[in-house]
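Hi,

Here is the structure I promised to pass on.

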Amino acid sequence: MKTWKWMICCVPMLWADAACIRKNYPVPQQSADTATLWHYQTIAEFKANMGSSGSKSVNEAVIISGSVTANDRTGNFYKQIIIDDGTAAIPLLLDGYSLYTLFPEGRHIQIRCKGLTTQFSNKLPQLGYRLNSQGTLLPIPWQLIDMYITKGVPGSSPQPLRVRLSEVRKALPELLNRLVLIDSAEFSDTTMLQSFAVSPDLSSATNLTIRDCDSNTILLRTSGYCSFATAPVPKGKGSITAVYSVYNNTPQLILRDTSDIHFTDQRCP
């Protein structure tokens, strides 16, 4: 395999300092007849080039990398994984099932983005394969995953960003798709009478309300198809870790698993 010798600033692992080093990097074999000089971008830089709406084909030979923060292990994320490099996070759409077996939380991966497409879906940025005739972004076909993705060794699950509910009750673009931890949170009184989601025969997903003791609120959205859909919501107060998302201008949290909820304290007065 041909290599190009060049100076790069390596994209850091989550919450680590970058260091400039000299290495020989193999040319990614996306084309049989051309050798492309690839360069790295942080996910924040990559998302800045997406603009703020619509879809866009990636024509530049860009590589982004990061650690997996969420996958389809419980079914609350469907045909996608989310990666974060410490500057930002983005969902990657993949046309496969049991993605968590290849992309467990904490695994570091590199994505060769040339030939892929970005899109804002209800104002949520995402990366996938091509647009279909209806303008919907399709996931990367299973047989092409290795052409675009290089898997690193599994690592520890990245630490979430600690935020206050008063800060995230408005849609914040810089936090979209990132793993956040909110302290002193609880389910609203009406939510406590429910499970995490109703039957998918009634609705594909259910919105529950999370609040703090100052009456700040945010929605927790759960798929009716996920493995914990019928579990009862906890009655106490404490911390919740989830992926920060948005539907148009409405912020919401997407839970990875019920183990990310630690409501063991007394509820707000």
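**Pockets and cysteines**

The second largest pocket holds about 290 Å³ of space. Its lining is made up of 17 residues, and those nearest the centre are Lys47, Phe120, Pro125, Pro173 and Leu176. Helix H1 (residues 43–48) gives the largest share of that lining, 3 residues. By type, the lining of the second largest pocket splits into 9 nonpolar, 5 polar and 3 charged residues. Please keep in mind that this is a predicted model.

The largest pocket has a volume of about 880 Å³. It is lined by 31 residues, with Asn76, Gln80, Leu124, Arg221 and Gln252 the closest to its centre. Several strands supply at least two lining residues each, among them S6 (80–84), S10 (124–128), S16 (217–223) and S18 (250–254). The largest share, 4 residues, comes from S17. Here the lining comprises 14 nonpolar, 15 polar and 2 charged residues.

On to the cysteines. The model has 1 disulfide, which joins cysteine 213 to cysteine 268 with an S to S distance of 1.9 Å. The two partners are 55 residues apart and link distant parts of the chain: cysteine 213 is in the loop between S15 and S16, and cysteine 268 is in the segment after strand S19 (261–265). The torsion about their S-S bond is about -85°, so the disulfide is left-handed.

Best wishes

Terms used
Residues are numbered from 1 along each chain as its sequence is written. This is a predicted model: local features need pLDDT of at least 70, side-chain atom pairs count only at pLDDT 80 or more; totals for chains, interfaces and linings use all residues. Side-chain values use heavy atoms; hydrogens and water are left out. On a 1 Å grid over the protein atoms alone, a cavity is a set of points where a 1.4 Å probe fits but cannot get out, and a pocket is an open set with protein on both sides within 12 Å along at least five of seven lines; lining residues have an atom within 4 Å of a point. Grid points are joined across faces, edges and corners, and a volume is the space filled by probe spheres set on the points. Ala, Val, Leu, Ile, Met, Phe, Trp, Tyr, Cys and Pro count as nonpolar, Asp, Glu, Lys and Arg as charged, and the others, Gly among them, as polar. A disulfide is a pair of cysteine sulfur atoms within 2.5 Å.
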